[in-house]
Amino acid sequence: MTFVTITFFIFLLAAFFCYFVTKKPYRWMVLLGFSVLFYLFAGYEKLLFVLIAALIAYLVGKYATKRNLIFGIIGVVGLLFYAKAGEAIYLALSLKGSVIVPLGISYYSFSVIGYMLDVYYKKTKPEENFFHFLLYMIYFPQILEGPIPRYKSLMPKLLKGEDFSYERVCFGLQRMVWGYFKKLVIADRIAIYTGEIFGNYKSYSGIYYFTAILLSSLQLYADFSGCMDIALGVSECFGITLDENFKRPFFSKTAAEFWRRWHITLGTFFKDYVYMHIAISPKLLKLSKTAKEKISKEFGKSLITVIPLSVVWILTGLWHGTGADYILWGCYWGVIIIISSVFGKKLKALPKVLSIDTSSKAYQRAQMIRTFFIFSGARLLTAPGDLGVSWYLLKRMFLPWHLSEYFSGGALVNDMTLVDVAILFISIMILYVVSSLQEKGIKIREKIASYSILLRWVFYYGLIFATLVFGIYGPGFKSSDFVYIQF
Amino acid sequence: MEEEILELLSDEFPEVDFTSSDELVDDGILDSLTITGIIATLSMEYDIEIPYEEIVEENFNSIQGLASMVQRLMEE
């Protein structure tokens, strides 16, 4: 069951009703019951994996010795590795049977690893109640694609049982509708184009590839951030605020800033639990000191950055997938982030040398466009689904573009119509305007709530109407799956 | 100790004004790269090990916090 099915709406209504008719101290049980039910829709055998991981982490929390922590992390990572690489191993060893891939395993595995480390390092107290812990792990709004929670922050909210608030429910529903708009109207409409180009790439070349790659960047953003809006909106209705996973990443001026605004909870996980541990390890500090003395001060300093960042980006690539495309994708980002970290000061001085006004809006827009192209370069590695295809596209991307043919109807592939192009263009403009206003610090939902009732409902109904009418649906009103579910 | 650490860190990280806030982490003045740089600098200068448990906001939010952490770790 994904967020874009009729079953989910019925499920959500039932959960909502049961939650608020139950007395406060027992509301967490309603959430746990519905979270287990949500998970059972994916298959009971998958729930077994979750229970094993929960039990491991719960016991490590209770008996947090170094040995137990190591065994706990190996156990959870082992299950994750089985889910991620199992199919490839089965194929390589010609084994029969199929690999069970538990729903949301990449997300809940990281949330429990974070919990075990936090308990071990005394940054949080261990959970006494196993069922509380299970709820933290499989709370249904966040199980599909995150955000990856922190135990210390989420657990008290899950147990609190907030009172019903009309305003909060309205805000939550608005955010959900906004998420559906991004997913159904923008992401799934772009998918018609990108699916055709990447699926039948040999029939196209030049500008078709170029636009497909750029559009696939927007598609991924609309898809993933749309799912997050739905997840955070659903949770907000229950009075439980989840961590934000996106902060308008395409307004970033550098690659490093981009990763502070894109998939934020994954980035902070790697920063806190991998980067920091390696960067402050006595062995690395000793190596850095020796390098400072024997080679140069700058080189010694840079080791503290380069080594942990290299590990982080290889792991980030592996988290997304164990194929060569994602490993290369991790290396691509790692090299860019390392270069900007190590040579950041020198690179910053370059505009001064060239007498460029870095405070001008034109320069800042150029920086944002550059970041978007860097991101799209990474999409070229993974969006086609095969590195061979990526290489094929890259080689032919800059062949003659035949713009007159493209703009006189050639761009309309796979039954796309001019109406589709117009809807897509207007929708992306709406997304841009809303994001720009948020970037200026304007809180859109509060702003709309301050308008007269007539104007308010024009906005609300307009968005609902646009999503229902212009959304892309398959048979039975079912949309395509969210992209990040596969991770 | 505080003045000594302020001078040391100001030399090492001239782009950071350590006196501008007493919530350096919470205000976003120190990012993770700078924090690890500070840890490396202090570890080498005072020959101490700064364990992961010590990386909390209260220790890094101000020069006073850093100085008291270094003092404590030197005495341990």
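**Notebook: chains A and B of a predicted model**

I began with the overall size of chain A: a compact globule of 487 residues would have a radius of gyration near 23 Å, and chain A has 24 Å, which agrees. I took this radius over C-alpha atoms, the globule rule being 2.2 Å times the number of residues to the power 0.38.

I note that the model is predicted, that local features need pLDDT of at least 70 and side-chain atom pairs pLDDT 80 or more, and that totals for chains, interfaces and linings use all residues. Residues are numbered from 1 along each chain as its sequence is written, while chains are lettered from A and ligands numbered from 1 in the order in which they are written.

**Chain A**

I recorded the extent of the C-alpha trace of chain A along its principal axes as about 70 × 65 × 55 Å. For secondary structure, I found 22 helices and zero strands in chain A; these are DSSP runs, with helices being H or I of at least four residues and strands E of at least two, numbered from the N terminus.

I then looked up burial, and 36% of the 487 residues of chain A count as buried. Buried requires 20 or more other C-beta atoms within 10 Å of the residue's own, with C-beta atoms placed from the backbone.

Among contacts in chain A between residues at least 6 apart in sequence, I found that 73% join residues at least 24 apart. A contact here has the two C-beta atoms, placed from the backbone, within 7 Å.

**Chain B**

Chain B has four helices and zero strands, in the order α-α-α-α along the sequence. With 76 residues, a compact globule would have a radius of gyration near 11 Å, and chain B has 11 Å, which agrees. I noted spans of about 30 × 25 × 20 Å for its C-alpha trace along the principal axes. Of the 76 residues of chain B, 26% count as buried. For contacts in chain B between residues at least 6 apart in sequence, 60% join residues at least 24 apart.

**Where the chains touch**

I counted 15 residues from chain A and 13 residues from chain B in the contact. On the side of chain A that touches chain B, the elements giving two or more residues are α12 (264–279), α13 (282–294) and α14 (297–320) of chain A. Of these, α12(A) gives the most, with five residues. I classed the residues on this side of chain A as eight nonpolar, four polar and three charged. Nonpolar covers Ala, Val, Leu, Ile, Met, Phe, Trp, Tyr, Cys and Pro; charged covers Asp, Glu, Lys and Arg; the others, Gly among them, are polar.

Notes. A residue is buried if 20 or more other C-beta atoms lie within 10 Å of its own, exposed if 12 or fewer, and partly exposed in between; C-beta atoms are placed from the backbone.
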